[in-house]
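Thanks for coming. I will take a few minutes to walk through one model, starting with how its chains meet and then moving inside a chain.

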4 protein chains.
Amino acid sequence: MRNTLGSNVTITLFGESHGAAIGCVIDGLTPGLEVDDGKIQKLLSRRRPASLIDTPRREPDNYRILSGVFNGKTTGTPLCIMIPNEQTRSGDYLFGPARPSHADYAAHVKYNGFEDYRGGGHFSGRITASIVAAGGIVMPALNNIGIFIGTHIAECAGTKDGDFSSDEAELADEIKSLNDKNFPVLCNETGERMIAAIEAAAKESDSVGGVVRTAITGLPAGVGEPWFDSLESLLSHALFSIGAVKGIEFGKGFEAANARGSEFNDPFELKKGKVVTGTNNNGGINGGISNGMPVTFGVAVKPTPSIARPQKTVNFLTGKEEELVIHGRHDPAIVRRICPVIDSITALVIADALVTAYGPQVLLKGKDIWNSDL
Amino acid sequence: MRNTLGSNVTITLFGESHGAAIGCVIDGLTPGLEVDDGKIQKLLSRRRPASLIDTPRREPDNYRILSGVFNGKTTGTPLCIMIPNEQTRSGDYLFGPARPSHADYAAHVKYNGFEDYRGGGHFSGRITASIVAAGGIVMPALNNIGIFIGTHIAECAGTKDGDFSSDEAELADEIKSLNDKNFPVLCNETGERMIAAIEAAAKESDSVGGVVRTAITGLPAGVGEPWFDSLESLLSHALFSIGAVKGIEFGKGFEAANARGSEFNDPFELKKGKVVTGTNNNGGINGGISNGMPVTFGVAVKPTPSIARPQKTVNFLTGKEEELVIHGRHDPAIVRRICPVIDSITALVIADALVTAYGPQVLLKGKDIWNSDL
Amino acid sequence: MRNTLGSNVTITLFGESHGAAIGCVIDGLTPGLEVDDGKIQKLLSRRRPASLIDTPRREPDNYRILSGVFNGKTTGTPLCIMIPNEQTRSGDYLFGPARPSHADYAAHVKYNGFEDYRGGGHFSGRITASIVAAGGIVMPALNNIGIFIGTHIAECAGTKDGDFSSDEAELADEIKSLNDKNFPVLCNETGERMIAAIEAAAKESDSVGGVVRTAITGLPAGVGEPWFDSLESLLSHALFSIGAVKGIEFGKGFEAANARGSEFNDPFELKKGKVVTGTNNNGGINGGISNGMPVTFGVAVKPTPSIARPQKTVNFLTGKEEELVIHGRHDPAIVRRICPVIDSITALVIADALVTAYGPQVLLKGKDIWNSDL
Amino acid sequence: MRNTLGSNVTITLFGESHGAAIGCVIDGLTPGLEVDDGKIQKLLSRRRPASLIDTPRREPDNYRILSGVFNGKTTGTPLCIMIPNEQTRSGDYLFGPARPSHADYAAHVKYNGFEDYRGGGHFSGRITASIVAAGGIVMPALNNIGIFIGTHIAECAGTKDGDFSSDEAELADEIKSLNDKNFPVLCNETGERMIAAIEAAAKESDSVGGVVRTAITGLPAGVGEPWFDSLESLLSHALFSIGAVKGIEFGKGFEAANARGSEFNDPFELKKGKVVTGTNNNGGINGGISNGMPVTFGVAVKPTPSIARPQKTVNFLTGKEEELVIHGRHDPAIVRRICPVIDSITALVIADALVTAYGPQVLLKGKDIWNSDL
């Protein structure tokens, strides 16, 4: 379905980096969810470029909700968010030389030359602002039913952050704290070292990548579907739609490769009458279904492809090799700005999976439904 | 869509480990594709347990094609493959104690206790035989149009295999060779060390995980859709449906985290008049769309959860903790048997993406269509 | 999605008239629904040819449930029903001359000559046996939550049956009675006249069409989605998949064309505290959503295309016009046999719409959920 | 999928009658289709209220294309059309008394009272302006590949128009002529009688319904899918999403009920080397697949529910019966304005079915592809 994600709660994206506007349509939302401008703005502000380590393009993200909200609450009919593009400088972009590691060439072949190439067009990271705005609507609803999502920069430019706590209450606090930070790391000092490294790369006209890690708390056991709608399938499908993402692992992920079953298996145990697992190497998912433990995953983020250094490329208009120097405004690292995007898209996937499992009222009633004997 | 995968070429799975039969329905196949029993059997035999390092359950996989094939060719209408379960020994399974790292507990919550728990039921790896049978139909069609898919065990029990060749012709040869091997590694000696390590773990009533790596050659540039149907989204969605998979990375994947843009970007260049990239760190995909280079990805496979050692768990019938000793027949490692499953599901995803991009005739005509000026 | 219908409760069809077997996969069923062989057999027997007015091909419909049922109840995982074809006589069918009003020619073009042409192949009415078997599983679940579906032959060969009662309790009795009749009409005497007319047509080597009318009682208000998943859209989508159906109308349908708003509008009123409408010209649906009144629709059934008279046609192998005499075994009218097919496919659509509106547990708990303040 | 229609070419609707804007997102369009403002405006103007027989609400339909068009052509990425609501007078609308035959009550139950009730909200006919704008993009593309769609008012207020010509060339002329008419009838004199009847009803504070009939020429044989994506299923699904539609019939439709097979079957014959049928009682579709003849269908349109006469109803806020007098601005008949809506939604369905059958380039290349030996 190309630009539409989800089964029961769906999001459809539209827009290009330098067109009139970007936006999205969210369908299938439970009627009666509160829509709070402050919460949408806060999430958008976390994605917005803000400092030396971000692109100088400063879009105000003056979004407008065109439909689906009435008297401050969702109606249940499609909610369209439109965000005008205001700070476009299309002159920066050339048609012909394919920027390495960008979609330019692949898109040129796919769309037979009819693509809007300016600023990456429909493939621009700019489009993720719509995802975040949508997250600003869905995330508070999840929070209201006790589900919290947070992401930290676990690794960037050779520096590693600490790990999420294995204690669920502490983890919830960490998530809360991350969602209030401009540069979301568990250890602030580490963050400063990361920022310094990013600035160093920027000075060398270069960029850096990283790994970000996400945790979801409060998700009940039993969510996700067998096989093709496993929770891992749904989440990875959504996350890999973000251009910079090159890897995803759940729980211990690639570390599992070197583990033995006796180490990796998460034994079940009882804790205050609740079934939990002693370890959480599986990242809260067994056989594609949530098991009631925090869902955790890591995402590999590649270095921003746009760098100011001269690069070798092919010009698909002339059909010749040439040297390319990218002008325009770019981020030397997107690990910071990708965090609210990941949080938001995760929120959309979780909302959809919950509604599939329990029906639309679950987004309002939460555990009253999933614990129900109904 | 739960047990259905794909947009234009779809597969729907059914069956439980100890039920009457497992199987699948493939819809949207181009009419006129040859269906060759020998090729289906060969692929199935690669997945079938065969030696000490595999489960002693030996299913003959006597599949029957119930529909969709006429005079040895696909008709274009739904093709149903049924594989009877013949070697079931349900007495080995208990209802109550949740096997750690298995779907038992999550499924029990999800299905309110109505699940067929015998041998993992619908969550059993047994179900993948249907995926492989489907691969046996789709893979030869891709081969006929010049697309080849192969997977090797890159890492297992601490031993690493070599890397795929960066030369496309050599890579094609490697793929061919892998598809003929019982234990698919690039370096046979490495393979022997892996087998020894697996056997050692088995003797200790333990299991091991690994990493397998896949390459696709011959895929034209321009395949995949923006955002939610990116090639990475489609592939990861399919691959994460396999229970043992805990991580996926494209190209350099998690290594990207520590790279700089100037190292990671793949410069475009001309080679015999064709646009190629000098390196392939992006794994043949830019912005979610194939760029004409080999598509490469790695998959983290967790250690088989079923081990013969006593494990701590909770019995969800009694609601009490207990010690569990798993009987039954199990694989100490599934890295070998997962390779044809990954090849097959990859073939299904690629066939679907091609039909979406070029229409159904592409599976018969290949480059006559994708190079066409039509 | 070609051969798959539904969003949350789905059915995927497979099979050809003269292949090994036909069948279907039902996914998304609530776990815990009772599966009663007697009820499946009863519904199948209503579709089965039984007398002079039906085809002499007598398939025993020895269906097998291959998956998705455990201890007599649905597991919630895909339920595959397979029905072997036992009474095939493929020699009756020729490849080349397109039978008028059949899919032969259209399918030949669509499938480039690779279609299984025997007995209409995948386009055969035989395939509807799978739909009815699926109905035999879903219908009892709907009945358990107070929803009843029945169809009568309203018009056949110039003879008209009476109308459904406008009193809901009486209507429920009529539905019950129809579901026990071999020739489902409200007025038995009318039925005898219809049978005589069908036999008369058969003697003249001809066939007849008709109109059948369906009523659904017990469906709560609020089911169906706006615009593209209106209840009318969902039902008509499903019903028009049956080859013989050429028209569908809800409520007064085409009569509305000549009515004025003041006559046609259904005024709301209170009846024992419940909101009802004084008339039901809209057939229980307003704006695509159920309004709590019985849902009613009529279906136009064309005369069976296979007739024994010589017909003019084109032979697509020779490319020449020729005269065709159809041998084989055919129904002079399918108005009788189509009723359980319509009931079954309607049950599948309603089950899906309910699960979309209220979540999967609704098929077990019915009004406990839709009346809930949860 | 609620507000999204289609498999490969999709449209997603959003908006409410009295919200900020309505609009749609069209995805999957072939890159390179011309987007001609004049053609969009012309189609929109045919839907726009224009005379005494239409509502006095006069929206200028100042649509904006926000994305998906570059240099006057489609890019292949999502095309968002936004149409601001400018002439809203929400004061006309009350919350509580359910307007008979409107979605008010059903929507109130479905959305638990959170619906935007003003002017019917998301259920308003106003939403169809987006469908028509989308039609203004897709229809010219179909015309360029030789496919034409036209609709006439076949019956209104007791007056019948003539029938479409059975000669395909004449039919093409009729379609062309209908698309230029303000009141689309084949016989202008008949049209005047219809207008007089509509005006008469309006004077009596009443409304009238009608039947409109549509023809599609130039569609090749072989389009549509078996069973659940039959061409009839796809078209009826789309058409029944329009609130006023209560019946659909293909070809002779309900007349088939009284015909015999010997009369109704359409014999195949050769005409200038092409396979055609002597009659077209099946409306160009056999077994759900186009047979190369014009596709024809009729649509029953109910009388506009909003009438100025006092009506009995229930107020769902007070829970009491009351008398309702509807103020606001309404159409005494929508048979005129529904024609371009039906043409547009038909164009979307046909474009989608063509792309499914032949791949995306078919919308640019037409018969070069469907006649191709590729």
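Predicted model: local features only at pLDDT ≥ 70, side-chain atom pairs only at ≥ 80, totals over all residues.

Let me begin with chains C and D. How many residues does each chain bring to the contact? Chain C gives 87 residues and chain D gives 87 residues. On the side of chain C that touches chain D, 37 of the residues are nonpolar, 33 are polar and 17 are charged.

Now the symmetry of that pair. Chain C can be laid on chain D by a rotation of 180°, with 0.0 Å of shift along the axis, and the RMSD is 0.0 Å. The two copies are therefore related as by a two-fold rotation axis. Both copies use the same surface, since 100% of the contact residues of chain C recur in chain D.

There is also strand pairing across this contact. Strand β11 of chain C, residues 245-250, is joined to strand β11 of chain D, also residues 245-250, by three bridges. The two strands run antiparallel. As one example of a bridge, C:E249 has D:G247 as its partner in β11(D).

Next, chains A and C. Here ten residues of chain A are in contact with nine residues of chain C. The side of chain A that touches chain C consists of four nonpolar, four polar and two charged residues.

Chain A superposes on chain C by a rotation of 180°, with 0.0 Å of shift along the axis and an RMSD of 0.0 Å. Which residue of chain A comes closest to the rotation axis? That is A:G359, with its C-alpha at 1.7 Å. Of the interface residues of chain A, 90% are also interface residues in chain C, so these copies meet through the same surface.

The crossing of the two is left-handed.

Who makes the contact? From α3(A), the residues include A:I131, A:G135, A:V138 and A:L142. From α8(A), they include A:V341, A:D343, A:I345 and A:L348. Sorted by class, the contact of α3(A) with α8(A) has 14 nonpolar residues, three polar and one charged.

Chain B has this helix pair as well. The axes of α3(B), residues 128-144, and α8(B), residues 335-358, come within 8 Å and cross at roughly 55°. The crossing of α3(B) and α8(B) is left-handed. Its contact also divides into 14 nonpolar, three polar and one charged residues.

Last, a sheet in chain A. Five strands form an open sheet in the order β1-β2-β3-β7-β4, and the pairing is antiparallel. Which strands stand at the edges? They are β1, residues 4-5, and β4, residues 64-65; each has a single partner strand, so one side of each is left without a neighbour in the sheet.

Strand β2 of chain A, residues 10-15, and strand β3 of chain A, residues 21-27, run antiparallel and are joined by six bridges. Within this pairing, A:G15 stands opposite A:I22 in β3(A).

That is the end of the tour, and I will take questions.

Definitions and conventions
Residues numbered from 1 in each chain as written. Chains lettered and ligands numbered in written order. Least-squares fit on C-alpha atoms with pLDDT ≥ 70 in both. Contact = placed C-beta atoms within 7 Å. Nonpolar A, V, L, I, M, F, W, Y, C, P; charged D, E, K, R; others polar. Pairing = 2+ DSSP bridges. Helix = DSSP H or I, 4+ residues; strand = E, 2+ residues; numbered from the N terminus. Axes fitted to C-alpha atoms, helices over the stretch in contact; angles between N-to-C directions. Left-handed = near helix turned anticlockwise from the far one by under 90°.
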